[in-house]
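This report walks through selected features of one model. Have the sequence and coordinates open as you read.

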Amino acid sequence: MQYPQYNPASDNRPLSDDEINDLDELLAALPTDAAMNVEALDGYLAGLLLTPGRRLADLPGEAWLPLIWGGDGEPDPAPFASGKQRKKVTLLVLRHLHSIAIAWAERPQAWEPIFSFAEGEDEDTEYADAEDWAAGFLVAVSLAPEAWGPRFDGEATAPLLAPIAALGAEDGGLADATAAERDAASRAIPDAMLALWALHQKA
């Protein structure tokens with residue numbers, strides 16, 4: 001199966017809130033537990049855009065797109081019900097990917113990742129929980145571990161990635177954390193991503 005490549009020069013419009021919800025529902029309806037939800041997808045796309053030493057536009061679509069829905073199966077177009085459905089999901093993903101890149105380049109302070117918010121112990125409070133987002137980001141890292149290694153070990157970049165590792169990895173250290181600790185780690189991610197994007201642009 002051939003997939004389109006990411007084209008940073010495309011004029012795709014960002015997804016509306018309704019389209020983001022549609023994409024989440026399409027992925028959730030797939031007959032596989034391996035499909036990402038929209039939060040994990042958002043983190044995955046961010047990780048792909050930030051991978052050191054590589055332009056995502058140079059990576060074939062088939063190398064990263066099928067991971068979003070848990071891989072292509074048999075008979076084709078499994079896990080999708082039809083080729084039309086797979087095409088719809090692919091186009092929505094590409095549009096969302098493009099919107100992240102444009103936001104970082106043109107209006108970074110307005111960019112917001114897609115996180116969950118859960119009710120705290122006090123019903124009047126809620127906390128951010130970026131566990132799924134961080135797990136998606138780490139899937140992108142797993143595609144290029146040698147490229148990411150220096151970032152996770154670097155004096156300047158390791159602290160930026162620490163919240164993602166803590167939230168997204170199975171042994172990340174925040175599995176039994178308090179709501180306040182998970183909230184603090186989650187809220188550190190947006191500024192960390194913008195700092196990594198600035199470094200990525202200079203590379």
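## Helix 1 and D22

The model is predicted. D22 belongs to helix 1, which covers residues 17-28. Its relative accessible area is 35%, so D22 counts as partly exposed; the class lies between the cut-offs of 20% and 50%.

D22 and L92 are 70 residues apart along the chain. Their C-alpha atoms are separated by 9.3 Å.

## Two cis peptide bonds

Most peptide bonds are trans. A cis bond joins E74 and P75, with omega about -5 degrees. P75 sits in the loop between helix 2 and helix 3.

Another cis bond joins D76 and P77. Here omega is about 15 degrees. P77 is also placed in the loop between helix 2 and helix 3.

## Helix 4 against helix 6

Two packed helices are described by the angle between their axes and the distance between the axes. For helix 4 (residues 131-142) and helix 6 (residues 158-168), the axes come within 8 Å. The crossing angle is roughly 105 degrees. The range for roughly perpendicular is 65 to 115 degrees, so helix 4 and helix 6 are roughly perpendicular to each other.

On the helix 4 side, the contact residues are E131, W133, A134, A135, F137 and L138. They meet L161, I164, L167 and G168 of helix 6. By class, this contact has eight nonpolar residues, one polar and one charged.

Helix 7 has 24 residues, 179-202. At 1.5 Å a residue the span should be 34 Å, and the end C-alpha atoms are 36 Å apart, which agrees. A kink of about 30 degrees is centred on P190.

P190 is itself among the buried residues of helix 7. What do the buried residues of helix 7 pack against? The partners are helix 2 (38-50), helix 3 (83-106), strand 2 (126-129), helix 4, helix 5 (145-153) and helix 6.

## H200

H200 lies in helix 7. Is H200 buried or exposed? The relative accessible area is 15%, under the 20% cut-off, so H200 is buried.

Which residues does H200 contact, leaving aside neighbours within four places in sequence? They are L49, L50, T51, P52 and R54.

Notes: Residues numbered from 1 in each chain as written. Predicted model: local features only at pLDDT ≥ 70, side-chain atom pairs only at ≥ 80, totals over all residues. Heavy atoms only, no water. Axes fitted to C-alpha atoms, helices over the stretch in contact; angles between N-to-C directions. Helix = DSSP H or I, 4+ residues; strand = E, 2+ residues; numbered from the N terminus. Parallel < 35°, antiparallel > 145°, perpendicular 65-115°, else oblique. Contact = heavy atoms within 4.5 Å. Nonpolar A, V, L, I, M, F, W, Y, C, P; charged D, E, K, R; others polar. Expected span 1.5 Å × (residues − 1). Bend = angle between axes of the 7 residues up to and from the residue. Buried < 20%, exposed > 50% of the residue type's maximum accessible area, 1.4 Å probe, protein only.
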